[in-house]
Amino acid sequence: MIVLVLARADNGVIGVDGRLPWHLPADLKRFRALTMGKPMVMGRKTFESFPAPLPGRRHIVLTRDTSWSAQGAEIARSPDEALALAGMVGGGGEVAVIGGAEVFALFLDRADRIELTEVHVAPAGDAIVPPITGWREIAREAHSADGDRPAHDFVTLVR
């Protein structure tokens with residue numbers, strides 16, 4: 001099963017300057033729960049945005065840069081290679097695709113589920129994911145704004 005895990009603002013923004021444009025501890029906790037013990041597929045910029053590899057998860061980094069390497073990263077040059085590294089070719093299990101925007105676009109047609117945090121703000125940003133259409137919502141958990149933390153919904157989508 002291929003699961004996209006992302007937080008997206010109302011205007012489509014998912015990032016700015018290599019970081020999230022909001023601070024939502026509940027979303028970070030949900031991300032950890034959704035990805036723990038699973039291989040994660042991500043782009044190089046997403047990997048480089050972490051201060052260190054995240055514990056308890058494999059980091060499969062999709063990059064076109066043939067000279068790039070980093071401690072804790074397994075390198076893939078194509079989506080098929082990333083899925084093979086994750087053990088998804090001819091096997092079972094679950095892989096979490098965690099970004100960025102280009103990587104989400106590469107895996108959208110292959111995904112089985114989307115775990116989306118809808119963040120109800122419209123920040124400036126340089127990483128955009130277009131509206132997600134053609135999916136069926138099976139779960140939603142709404143959270144009100146709290147101080148400087150914006151309102152947000154945890155949403156599960158399936159085909």
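Glu102 counts as exposed, at 55% relative accessibility (exposed means over 50% relative accessible area, buried under 20%, and partly exposed in between, with a 1.4 Å probe and protein chains only). Its salt-bridge partner is Arg64, with the closest N and O atoms 3.6 Å apart; a salt bridge here is a side-chain nitrogen of Lys or Arg within 4 Å of a carboxyl oxygen of Asp or Glu. Glu102 sits in helix α4 (residues 101–107) and Arg64 in the loop between β4 (58–62) and β5 (73–76), so this pair ties together parts 38 residues apart in sequence. Arg64 is exposed too, with a relative accessible area of 71%. Helices (H or I, at least four residues) and strands (E, at least two) are DSSP runs, numbered from the N terminus.

A word on the ground rules: this is a predicted model, where local features need pLDDT of at least 70 and side-chain atom pairs count only at pLDDT 80 or more, while totals for chains, interfaces and linings use all residues. Residues are numbered from 1 along each chain as its sequence is written, and side-chain values use heavy atoms, leaving out hydrogens and water.

Back to the charges: the whole structure has 11 salt bridges. Asp80 and Arg110 make one of them, at 2.8 Å from N to O. Since Arg140 lies in strand β9 (residues 136–143) and Glu118 in strand β7, the pair ties together parts that are 22 residues apart in sequence. Arg140 is partly exposed at 40%, and so is Glu118 at 21%. Elsewhere, salt bridges with shared partners join Arg30, Lys38, Glu94, Arg113 and Glu115 into one network.

Arg30 also turns up in helix α1 (residues 25–35), where Asp27, Arg30, Phe31, Leu34 and Thr35 are buried. Just after α1, Gly37 takes a positive phi of about 80 degrees.

Now for the nonpolar cores, meaning sets of buried Ala, Val, Leu, Ile, Met, Phe, Trp, Tyr and Cys residues joined through side-chain atoms within 4.5 Å. The largest has 24 residues, and Ile2, Leu4, Leu6, Val41, Val97 and Phe107 touch the most other members. The elements giving it two or more residues are β1 (2–9), β4, α3, β6 (95–99), α4, β7 and β10 (152–158). Take Phe107: leaving aside residues up to four places away in sequence, Phe107 touches Ile2, Leu4, Val41, Leu62, Pro79, Ala82, Leu83 and Val97, where contact means heavy atoms within 4.5 Å. A second, separate core of 14 residues includes Val5, Met40, Phe50 and Val61.
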